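Have the viewer open while you read.

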Amino acid sequence: MKFTDLKLTTPYLSLSPIFYDKVAVTPLHKPFLISVSQDAGKLLGIGTTDSDVAHLLKVINGEEKLAGSESFAMCYAGHQFGYFVPRLGDGRAINLGKVNGQNLQLKGAGLTLYSRQGDGRAVLRSSIREYLMSEAMHGLGIPTSRALALIGSDTDVARERWEKGAIVLRLSPTWVRFGTFEYFYAKDEYDKLQELADYVIAESFSYLQNQENRYLKMYEQSVKNTATTIAMWQSVGFNHGVMNTDNMSIDGRTIDYGPFAFLDIYDKDYVCNHTDREGRYSFKNQPGIAYWNLQQLAKALSPIVNYDTALAVLDEVFGTTYEKVYTDSMYAKMGLENAQENDRELFQWMLGALQSATIDYTLFFRKLSRYKGNQKEILDIAVYQTPLQEWLDAYDKRLEKEQSTQQERQKKMLHVNPKYILKNYILQEAIEKAYKHDFSMVQDLLTVALRPFEEHPELEYLTKPTPMEYKNIKLSCSS
Ligand code: AMP
Ligand code: MG
């Protein structure tokens with residue numbers, strides 16, 4: 001099937017009118033297509049979009065419509081940096097409808113009822129980041145919204161300086177956020193809460209339909225999914241940066257990529273968001289913040305789910321799910337299969353050693369995946385070697401207790417320890433080229449983003465070490 005042939009439905013518009021604002025896309029001037037993720041296209045059941053790009057561009061720019069499409073923005077509230085904001089909503093995102101279980105949404109498509117002081121636009125810089133990162137997260141096997149295509153334009157957009165407007169066509173099985181529930185809770189619209197919960201169950205957790213206690217079960221599934229995603233973030237070293245409740249998907253997938261970062265050097269205290277002065281959303285705080293956000297969700301659901309029961313579920317399910325997913329992923333990264341009594345100690349020791357060593361997190365594990373006892377190969381990438389050397393001595397001893405051969409173990413490790421990770425400095429290089437209308441690096445990064453565990457000999461330049469001045473930099477959240 002071609003993109004042109006897609007037939008959309010708009011189930012969200014069957015909800016009460018208070019849930020959305022029907023709004024048209026405001027086209028950008030002189031739009032041009034920058035990149036298409038053919039891999040994301042498969043989700044919609046479309047083959048290559050090569051012959052279809054003119055139409056794709058027009059649809060993204062609001063100049064043409066897909067069959068059945070009706071455009072709208074969704075309302076929601078949210079806790080931003082701990083403070084409740086009763087009315088947010090899609091201020092620059094416009095939904096087109098749904099096909100194959102994916103909701104199509106344009107980010108940067110113009111003003112909506114919820115734009116507040118904003119201009120409804122997204123700049124090229126942040127759009128490249130969101131486009132590539134959505135696909136990279138998927139490539140790493142972590143639940144996320146996807147990105148089908150990215151367009152640029154000649155439209156001027158004011159930020160700290162003048163920039164150009166862009167639009168990403170995003171896909172997600174749901175765009176409902178914790179904040180969507182908070183919106184109706186704060187307005188005392190409890191019948192709408194139930195209407196939304198029924199919608200979410202039908203859309204995301206259909207196996208719960210008609211079950212007893214389904215709203216509690218929906219909450220429990222949200223808790224489980226969120227804990228799983230955050231545990232995976234922690235294992236790959238991803239710092240989201242803006243874990244406000246409006247940026248938390250009800251089905252627990254990663255959404256709304258802003259000033260995110262992958263750790264360059266391992267530092268649990270790292271804060272990628274420049275405006276987050278208190279470090280609320282620091283790397284190490286992410287599991288605790290997810291828990292806090294889920295408490296807010298429990299409160300928002302309290303008119304339809306017993307609050308104390310929900311909190312008890314949260315208490316029980318979050319910790320166990322998080323622990324299991326996180327330790328399983330970390331042990332797999334370390335290549336440990338045959339559990340031993342002191343594994344937890346060895347693992348904690350490793351994190352401490354990494355923290356003291358000043359070492360690239362991703363590269364450390366990739367090197368560990370090829371480690372054959374020559375400690376120097378790993379120690380050479382650390383600034384401070386002693387703590388890591390002592391740990392490697394213990395690791396050497398521990399490996400003797402593994403039953404698999406070194407070759408078998410390393411093969412598995414190479415499948416969980418990515419070679420290619422979208423570090424900010426490399427994204428920045430791609431962005432600078434894109435400013436000069438050279439999008440080749442965006443394309444190269446898309447290739448490795450989708451297959452990060454494989455070798456790509458012709459794209460080796462994307463793995464050069466982070467220059468000193470870019471290590472664990474903080475990012476502006478202007479976008
Ligand atoms: P974010 O931090 O990007 O998740 O955005 C938080 C809220 O601000 C959401 O309701 C967005 O829709 C809104 N917003 C962010 N940037 C803009 C913009 N340029 N124009 C309108 N609304 C925006
Ligand atoms: Mg957001």
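1. A polar contact here is a pair of N or O atoms within 3.5 Å. Keep in mind that this is a predicted model. With that cut-off in hand, look at G120: one of its backbone N or O atoms sits 2.8 Å from a nitrogen atom of ligand 1.

2. R116 puts a side-chain N or O atom 2.8 Å from an oxygen atom of the ligand, and N247 has a polar side-chain atom 3.0 Å from an oxygen atom of ligand 1. As for cover, ligand 1 taken alone exposes 480 Å², and the protein buries 80% of that.

3. Which residues come nearest to ligand 1? Of the 16 residues around ligand 1, they are G89, G91, R116, D119 and G120.

4. N247 turns up again at the metal. The magnesium ion (ligand 2) is coordinated by N247 through OD1 and by D256 through OD, at 2.1 Å. Both of these residues, N247 and D256, are buried.

5. Now for N293, which belongs to helix α7, spanning residues 286–300. Is N293 buried or exposed? Its relative accessibility is 1%, and because buried means under 20%, N293 counts as buried.

6. What does N293 touch? Leaving out residues up to four places away in sequence, N293 is in contact with F178, M243, N244, T245 and M248. For M243 there is a polar pair to inspect: the backbone oxygen of M243 lies 2.9 Å from a polar side-chain atom of N293.

How values were computed
Residues are numbered from 1 along each chain as its sequence is written. Chains are lettered from A and ligands numbered from 1 in the order in which they are written. This is a predicted model: local features need pLDDT of at least 70, side-chain atom pairs count only at pLDDT 80 or more; totals for chains, interfaces and linings use all residues. Side-chain values use heavy atoms; hydrogens and water are left out. Helices (H or I, at least four residues) and strands (E, at least two) are DSSP runs, numbered from the N terminus. Buried means under 20% relative accessible area, exposed over 50%, partly exposed in between (1.4 Å probe, protein chains only). A polar contact is a pair of N or O atoms within 3.5 Å; within protein, one must be able to donate a hydrogen and the other to accept it, and residues adjacent in sequence count only if both atoms are side-chain atoms. Contact means heavy atoms within 4.5 Å. Donors are N, O and S atoms within 2.8 Å of the metal (3.2 Å for Na, K and Ca); water is not among the atoms, so sites may look incomplete. A residue is near a molecule or strand if one of its heavy atoms lies within 4 Å of it. Accessible areas come from the Shrake-Rupley method with a 1.4 Å probe; for residues, only the protein chains shown count as cover.
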